[in-house]
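Dear colleague,

I am passing a structure on to you, and I would be grateful if you could look through it before reading my notes.

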Amino acid sequence: MRRPRRAALFSRADAAGQRVGYEPAAAALVSARLGLELTWGFLAWSDFYPALADGRVDAVWCGQAITDERRALADFTRPYAVFDESGVVRADDPTSTPADLEGKRIGAIADSTNMCLAETFPDVELVSFPGTADVFGDMIGALRGGDIDGFVDDDVAMVPLDAEPDLRLAFTLQTQNQWGVAVRKGNDPLGQALDDALAGVIADGTLETAWSQWIPWLTFPLPAD
């Protein structure tokens, strides 16, 4: 059964501070392989890299596409996921390409790869959404309320839309954004250990099993070396 929205990637923390979803499952596999205890720290999106730099956290494992801008702030492991990006509009909107969005108000998460993509759309008015605990829900609410005409997010977050009959997946662009674990610059031992463990859980098939459990509608994108 398909899982709703971003819950496939990660849920909100429960009373014990635990999360479920593909990202937590992948992190648990890697931690177990390294014999490390996994503890989640919950921060505002904007505080990820300051917390990494000052040692409050050892790594950032939460929806971080590997970009040049982020490489200036941290080092990254090999990818544990690869996603494309999609646009959503109201069901009565005939948009089928980014060019059809001309003159419309388009939302995306602030400082995200989704916003970078939206910035390439011709003659649109961009609306930035802060990375709240339910920013996907915030964008859906704004779209339904007429505050925006569409929004951009990762394809994994857009499925399924069959439970949202008033909304429609307009297009998906094959941007192939690679997601990795961010570690403090210069922390090569941890970065290498995470890299090796990721290679191991890809090679033995356990990462693909976690993917198939949580994101069965997308093809596992990481063949073993």
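The accessible surface of the protein chain comes to about 10800 Å², and carbon and sulfur atoms account for 52% of that surface. Please keep in mind throughout that this is a predicted model, and that the values given here were computed from it. Of the 225 residues in the chain, 48% are buried.

As for the overall build, the protein chain contains 7 helices and 8 strands. Its radius of gyration is 18 Å, close to the 17 Å that the globule rule gives for 225 residues, so the chain is as compact as a globular protein of that length. Taken along the principal axes, the C-alpha atoms fill a box of roughly 50 × 40 × 35 Å.

I then turned to the empty space. Rolling a probe the size of a water molecule over the atoms shows where such space is left. The structure holds 1 cavity of 30 Å³ or more, and the space in the largest cavity is about 30 Å³. Its lining includes Gly-87, Val-88 and Val-89, together with Gly-150, Phe-151 and Val-152, and also Ala-170 and Phe-171. Strand E3 (81-90), strand E6 (150-154) and strand E7 (167-179) are the elements that give two or more residues to this lining. Sorted by class, the lining of the largest cavity has 8 nonpolar and 3 polar residues, and no charged ones.

The second largest pocket has a volume of about 390 Å³. It is lined by 17 residues, of which Trp-45, Arg-70, Ala-110, Asp-111 and Ser-112 are the closest to its centre. Here the elements that give two or more residues to the lining are helices, namely H2 (48-53), H3 (68-71) and H4 (113-118). The lining of this pocket divides into 8 nonpolar, 6 polar and 3 charged residues.

Helix H5, which spans residues 135-144, deserves a look of its own. The helix is mostly covered, with 7 of its 10 residues buried, and these are Val-135, Phe-136, Gly-137, Met-139, Ile-140, Ala-142 and Leu-143. After H5 comes Gly-146, whose phi is positive, near 85°.

Ala-72 and Lys-185 are 113 residues apart in sequence, while their C-alpha atoms are 8.8 Å apart in space. Ala-16, in the segment before helix H1 (22-34), is likewise exposed, its relative accessible area being 60%. Ala-16 and Phe-121 are 105 residues apart in sequence and 42 Å apart in space, again from C-alpha to C-alpha.

With best wishes

Terms used. Residues are numbered from 1 along each chain as its sequence is written. This is a predicted model: local features need pLDDT of at least 70, side-chain atom pairs count only at pLDDT 80 or more; totals for chains, interfaces and linings use all residues. Side-chain values use heavy atoms; hydrogens and water are left out. On a 1 Å grid over the protein atoms alone, a cavity is a set of points where a 1.4 Å probe fits but cannot get out, and a pocket is an open set with protein on both sides within 12 Å along at least five of seven lines; lining residues have an atom within 4 Å of a point. Grid points are joined across faces, edges and corners, and a volume is the space filled by probe spheres set on the points. Helices (H or I, at least four residues) and strands (E, at least two) are DSSP runs, numbered from the N terminus. Ala, Val, Leu, Ile, Met, Phe, Trp, Tyr, Cys and Pro count as nonpolar, Asp, Glu, Lys and Arg as charged, and the others, Gly among them, as polar. The radius of gyration is taken over C-alpha atoms; the globule rule is 2.2 Å times the number of residues to the power 0.38. Buried means under 20% relative accessible area, exposed over 50%, partly exposed in between (1.4 Å probe, protein chains only). Accessible areas come from the Shrake-Rupley method with a 1.4 Å probe; for residues, only the protein chains shown count as cover.
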